[in-house]
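Here are my notes on the model you sent over. Have it open while you read.

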Amino acid sequence: MKHELFEFLTTDLQFVKGVGPVLATRFDNVLGGRRVLDFMLHTPVYIRAREVSENVAAAEPGDVITIPLLVKSHRAGGVFRGRRRPTQIICNDKMGNSVVIQFFNVNFLDYWLKKLPVGEWRMVSGKLEHGARPTINHPDFIEEMQNADKIPSVQAIYPAGEGLTQKTFANVRDQIFNMLPDKLNGEPEPNVREFFDALRHVHYPETADDLSPNSPYIVKLAYWELLAHQSAIVISRRNRTDVRNHRTVRPQKYDLMRKFYATLPFDLTGAQTRTLREIFNDMARDVPMMRLVQGDVGSGKTIVALAAAVKMAESGAQTALLAPTDTLAQQHYAKIKPMCDKMGIICDVLTGRDKGVARREKLVSLRSGRTKIVVGTHALFSDDVEYKDLGLVIVDEQHRFGVSQREALRAKGRNPDLLALSATPIPRTLSMTIYGDMDVSIINEKPAGRLPIITTKLPIARVNELITRLKIQIDSGAKVFWVCPLVTESEASDLTAVNARFEELKKAFPHAGLVHGQMDKKQRDAVMAKFADDNSDMKILVATTVIEVGIDVPRATIIVIENAERFGLAALHQLRGRVGRGNQQSYCILLYGRNISEDGLKRLDVLTETDDGFAIAEQDLIMRGTGELLGTRQSGWINYHFVDYARHRDLFKLAASAARDMVDVDAWTRDLLFIFDRGVVISA
């Protein structure tokens, strides 16, 4: 890849014309990065046709129409007799039918007067509503007739976020792809040019088929993404077994495992014992451990991780436990710290919250080797964090972290062992392909005394009846999660917005809490902590899927998942795992919409019939082959951009075979590793 192209791809989005620092931050929240490359890999999910029609009577309510309209009159909005009235622009189509354009931001009347002057024709495009008269609220496009071609006949719709419109996405896309040919000029690698050509076709789809998993462009990109992943696996395995990476086995210095078992208030399950035996055997070898522990929600992975950390402390070395969120890190610390105190092991927590003197003291303790176990977030591999002897890295909810992030933490030690934990079961048919660089242990037993969660499905029409039942349960001491799929109402979806549901539930539960991904992180963590507090008056938490992982509230015994038919099985199973974490009977209520499909009902039936995460994962994979759009990237297993687990199964095998046959890492493979952030150390 040419240096000029590399620089372009790594350019901060704020330097793209029309973006700036504020929009770049909003893009960062949606894309998970703010480089030009991050934007290019964030592709549309569907198209919206905007064919021109001349007769509004031919359209149905809910249709997106593009139509020439003659502006007849204006009616100013405002507040009249205590009621808010929108600004209305009265128009006629070419057949003389009346059409009303409405704007609810009433302070902009002068702007709309200029944009839609009386007596002029304008091309208008937006969603048609039928009230007393056909109405378009806040049109997506308004253009003078000579500029009507500025309205796309096919509009690519991107997954967006707060403060980011589809127009913003289209403008940034056009800026980037208009600059791309110059950056590709003279590129010697044909695969690079072919890659970005396929990417252009996906960003500028002409039909819905261009965005389907079977599109030749998507298939090509998916194969290259899998090749990058499989190449990273092969390189990682080769590095691990390279004689230069062998290490001296650490001798035992202390007798801590005996104390560990003595502190446990319960017996380990057979699966936990088997998994620990596999981990300890790995730790005794001269080759660094790379092991993935898969365990269903509530199967006891944290205790297994602590046992591995204690085993490492027996040799005098340190363990770092990496969690994806502050909340989860604090919860792990709260569980682990009392047990460590009983064993005489110094345990600490380090997150982005730590500042000043408190942070410096923690860093000194790590540098000296006094702290043997540290729990934290990305802060664990910050530049100023040094370890005396980092022997074990534990990555919780490992699919939340890229290879490069795992390697950044491992680089803090000298060939430390790596133990990855995942509560998202991977179908057995895929696990070895996806995690080929790791040995896999499975914890497939639940701790004694855990009651199965009773799962039922309920139509949304009975929501008021459900709220009445919840009042009784809450008065009896229960805590409730209520999960919705969206943050704000969207013209592209009829899903219940979490903000709207929160306002409704506050009428019945005045102390309800609200969390979603667009909230300030500190505020979100504070709300979650209050909900987890047994003495808090917050008994119900309304949330998006930000609670899917890492929220441990034993008192929470009920979870309601609204529009459950729109979630994948893996996501539903993860959400259900937020309850049933204590010794009380717990319940999961799957609320489904009026227009649920047959496949949607089948998915909900799977949840009501089994709580085996591995069986659910297999069913999830099978049912994704039915063709119903669940969100091809909503797997929860690995954050792929283009790969569809059900439809691209053959590509897994092809990519794995190509990577295994790789003798040397060529230029194109290096480019793929960079593009898809599969950061591995490539040995000389």
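1. First, the ground rules. This is a predicted model, where local features need pLDDT of at least 70 and side-chain atom pairs count only at pLDDT 80 or more, while totals for chains, interfaces and linings use all residues. Residues are numbered from 1 along each chain as its sequence is written, and side-chain values use heavy atoms, with hydrogens and water left out.

2. Start with the open sheet: six strands in the order 18-23-22-19-21-20, with parallel pairing. Strands here are DSSP runs of E, at least two residues, and helices are runs of H or I, at least four, both numbered from the N terminus; two strands pair if DSSP finds at least two bridges between them. Strand 18 (454-459) and strand 20 (513-515) are at the edges with a single partner strand each, so one side of each has no neighbour in the sheet. On average, neighbouring strands are turned by 20 degrees against each other, direction ignored.

3. Look for leucine 514 opposite valine 542 of strand 21.

4. Two helices lie across strands of this group. Helix 15 (residues 463-475) lies across strands including strand 19 (479-483), to which it runs at about 155 degrees. Helix 19 (residues 598-609) lies across strand 18 and strand 23, at about 155 degrees to strand 18. Axes are lines fitted to C-alpha atoms, for helices over the stretch in contact, and angles run from 0 to 180 degrees between N-to-C directions.

5. Is isoleucine 561 buried or exposed? Isoleucine 561, in strand 22 (residues 556-561), is buried, at 0% relative accessible area (buried is under 20%, exposed over 50%, partly exposed in between, with a 1.4 Å probe and protein chains only). Beyond its neighbours within four places in sequence, its contacts (heavy atoms within 4.5 Å) include Val483, Phe567 and Leu572. Isoleucine 561 and leucine 572 are 8.0 Å apart, C-alpha to C-alpha, and 11 residues apart in sequence.

6. On to the rings: the whole structure has 16 aromatic pairs (Phe, Tyr or Trp rings, the six-membered one for Trp, with centres within 6.5 Å; planes under 30 degrees apart are stacked, over 60 edge-to-face, the rest tilted). Tyrosine 158 and phenylalanine 169 are stacked because their ring centres are 5.0 Å apart and their planes at 10 degrees. Tyrosine 158 is buried at 3%, and phenylalanine 169 is buried at 0%.
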